[in-house]
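Hi,

Here is the structure I promised to pass on.

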Amino acid sequence: MKRRPYDYIIVGAGSAGCVLANRLTEDPQIRVLLLEAGGADRDPLIHIPLGLGKLWKDRRHDWGYNTEPQPHLNQRAIALPRGKVLGGSSSINAMLYVRGHRGDYDRWAQKGLAGWSYAQVLPYFKRTESWCGGGNAYRGGSGPVGTRFTDLSDPLYSAAVDAGQAAGFAVSEDLNGEMQEGFAMAQSTIAGGRRCSAAGAYLRPAMRRANLTLRTGALATRVLLDGKKAIGVEYLHRGRTERDHAACEVLLSAGAVNTPQLLMLSGIGAAAQLRSHGIAPAVDLHRVGADFQDHVFVAVGNLRKGTSPLRHALRLDRIALAMLRAYFAGSGPATNMPGGAMALLRTCADTAVPDIQLGVRGIAREARPWWPVLGPDWRDAFYLLVVLLHPESRGSIELASADARQPARIRANYLSAPGDAQVLAAGMRMAREVIRQSALDPFRGDEIVPGPQVVAEADIHAYIRAVASTLHHAAGTCRMGRDDMAVVDPELRVRGIDRLRVVDASVMPDLVSGNINACVLMIAERGSDLIRGHVPLAAENPG
């Protein structure tokens with residue numbers, strides 16, 4: 001017997017999908033099916049902030065993706081973790097909350113994306129969050145996602161801000177407020193001592209509603225089409241092929257890798273590539289999977305004098321108690337990530353927005369493999385992560401097979417544009433200048449990466465090629481725009497197909513100045529109003 005259609009089917013319970021599931025089911029008359037290929041987010045390591053290192057090391061709750069060997073990174077294949085669990089990448093990310101620079105969104109609007117200027121997206125940013133300092137002209141005070149300063153207990157981080165100021169850079173009290181560049185204390189999506197993922201903030205409250213159906217372990221294999229109209233989704237669930245239909249729209253929120261793959265499996269993409277895999281083209285949409293962008297980083301780091309709070313906490317007996325305390329009481333050292341300061345900087349005065357991000361990270365390096373009873377012996381260090389914010393390089397997501405169970409090929413093409421490595425090299429010089437300042441004298445030991453011998457431009461570029469990696473901010477593979485090469489329009493509708501939208505990081509026309517999860521939450525909040533036909537929130541321009 002044919003099942004009654006849902007109103008909306010959402011593919012992917014990551015950051016965007018959780019927002020959509022919550023907002024759409026606010027109307028009790030709307031029936032929503034949410035499909036997630038991963039499982040439940042019960043793992044305590046998801047919820048304890050300091051558990052992140054173990055999540056990444058074991059690649060838990062992760063699709064296990066790696067890029068193709070990178071020609072400009074010494075042919076290295078780069079790990080690209082993407083969340084495969086309720087909450088998606090918001091359940092395995094570093095929890096940094098960075099909206100980017102107002103110029104990023106005004107740049108989008110200047111490209112013809114009406115509705116996406118900074119003044120127009122600011123109220124949606126505010127709608128997502130509950131800022132620890134309360135609501136104001138720039139911050140939300142009653143939204144689902146708790147945001148706060150990251151770690152104010154380690155004196156390294158305030159010293160790093162002082163060092164940045166001494167090096168001639170601005171200081172901001174709030175990088176998500178009025179002053180969106182310079183050095184500042186970092187902010188994170190942590191509330192009550194626990195990770196505040198999209199699953200916890202948005203999905204869990206919505207799961208109490210009778211009009212939301214959630215299916216985990218459900219791998220979408222194609223969008224069902226009736227001519228040029230999306231009518232449902234086919235997916236694998238518990239060893240069976242299932243099909244469900246949507247009376248209103250199908251919404252793809254599977255992320256910058258899986259969303260373009262699903263479109264191509266459904267016959268939406270470059271016709272020649274589709275035919276090479278035996279897929280009949282439904283719409284010849286050339287740029288599906290193209291315009292892949294990501295934030296690439298390298299590190300400058302030194303040994304640290306003295307003993308840090310992190311090293312003190314990492315002794316085996318202490319870390320076990322700290323993890324239990326964090327999980328059950330939401331307090332103690334495991335409720336923080338070891339990174340309490342950051343900066344958004346310009347390598348040239350004439351750049352429109354910051355092009356380098358510096359992240360200050362206290363780390364503990366294993367000095368000896370094991371102490372009896374007490375575990376490893378740790379040696380303190382600190383890094384400045386140097387992040388390229390606006391790469392010129394572009395890559396692509398390409399089908400490897402017509403089988404949805406086979407991962408797509410990720411041709412990231414990192415640093416293929418020569419200017420990208422030059423900006424990273426400039427950022428490394430800035431980081432070294434900050435580390436040299438007297439404010440960091442009490443903490444600064446010998447440089448360990450790249451090492452004091454790496455000074456010449458050729459040596460710096462060789463270091464970049466040898467070690468550069470990704471911050472896991474993949475975006476742009478279903479680019480939003482008004483031109484013929486765009487995949488979705490400014491209302492997030494897939495061009496050439498009715499009743500089909502993309503709502504995730506893949507629609508970003510280019511990267512914002514910072515970590516992207518806050519931006520993805522905003523896109524989904526605004527997308528939920530577009531889908532429901534609500535009048536957009538009034539633009540706000542506070543100075």
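**Helix packing**

Helix α1 (residues 15–24) packs against helix α14 (residues 517–532) at an angle of about 35°, with the two axes 8 Å apart. Bear in mind throughout that this is a predicted model. The crossing of α1 past α14 is right-handed. On the α1 side, the residues involved are Ser 15, Ala 16, Val 19, Leu 20, Arg 23 and Leu 24. They meet Asn 517, Val 520, Leu 521, Ala 524, Glu 525, Gly 527, Ser 528, Ile 531 and Arg 532 in α14. Sorted by class, that contact between α1 and α14 has 8 nonpolar, 4 polar and 3 charged residues.

The other pair I looked at is helix α4 (residues 102–110) with helix α5 (residues 118–128): their axes come within 8 Å and cross at roughly 125°. From α4, the contact uses Arg 102, Tyr 105 and Asp 106, and from α5 it uses Tyr 118, Val 121 and Phe 125. By class, the contact of α4 with α5 has 4 nonpolar, no polar and 2 charged residues.

Which residues of helix α13 (residues 457–467) are buried? They are Ile 460, His 461, Tyr 463 and Ile 464. These residues cover an arc of only 155° around the axis, so they sit on the same side of α13. What they pack against is β15 (296–304), α12 (418–435) and β21 (444–449).

Leu 424 is in helix α12, and it counts as buried because its relative accessibility is 0%, where the cut-off is under 20%. Leaving aside residues up to four places away in sequence, Leu 424 touches Val 296, Val 298, Ile 356, Val 386, Val 387, Leu 388, Leu 415 and Ile 464. Ile 464 is also one of the buried residues of α13. Leu 424 and Gln 357 are 67 residues apart in sequence, and their C-alpha atoms are 10.0 Å apart in space.

**Ala 191**

Now for a residue in a strand: Ala 191 lies in β7 (residues 190–191). Is Ala 191 buried or partly exposed? With a relative accessible area of 35%, Ala 191 is partly exposed. Not counting residues up to four places away in sequence, Ala 191 touches Gly 146 and Cys 196. Ala 191 and Gly 164 are 27 residues apart in sequence and 28 Å apart in space, C-alpha to C-alpha.

Most residues other than glycine have a negative phi, and most peptide bonds are trans.

- Val 449 and Pro 450 are joined by a cis peptide bond, with omega at about -5°. Pro 450 is in the loop between β21 and α13.
- Asn 74 is not a glycine, yet its phi is positive, at about 55°. Asn 74 is found in the loop between α3 (52–58) and α4, and it is partly exposed, with a relative accessible area of 45%.
- His 472, a residue other than glycine, has a positive phi near 65°. His 472 lies in the loop between β22 (469–470) and β23 (500–502).

Cheers

How values were computed
Residues are numbered from 1 along each chain as its sequence is written. This is a predicted model: local features need pLDDT of at least 70, side-chain atom pairs count only at pLDDT 80 or more; totals for chains, interfaces and linings use all residues. Side-chain values use heavy atoms; hydrogens and water are left out. Axes are lines fitted to C-alpha atoms, for helices over the stretch in contact, and angles run from 0 to 180 degrees between N-to-C directions. Helices (H or I, at least four residues) and strands (E, at least two) are DSSP runs, numbered from the N terminus. A crossing is left-handed if the near helix is turned anticlockwise from the far one by less than a right angle, and right-handed if clockwise. Contact means heavy atoms within 4.5 Å. Ala, Val, Leu, Ile, Met, Phe, Trp, Tyr, Cys and Pro count as nonpolar, Asp, Glu, Lys and Arg as charged, and the others, Gly among them, as polar. Buried means under 20% relative accessible area, exposed over 50%, partly exposed in between (1.4 Å probe, protein chains only). The arc is that of the directions from the helix axis to the C-beta atoms.
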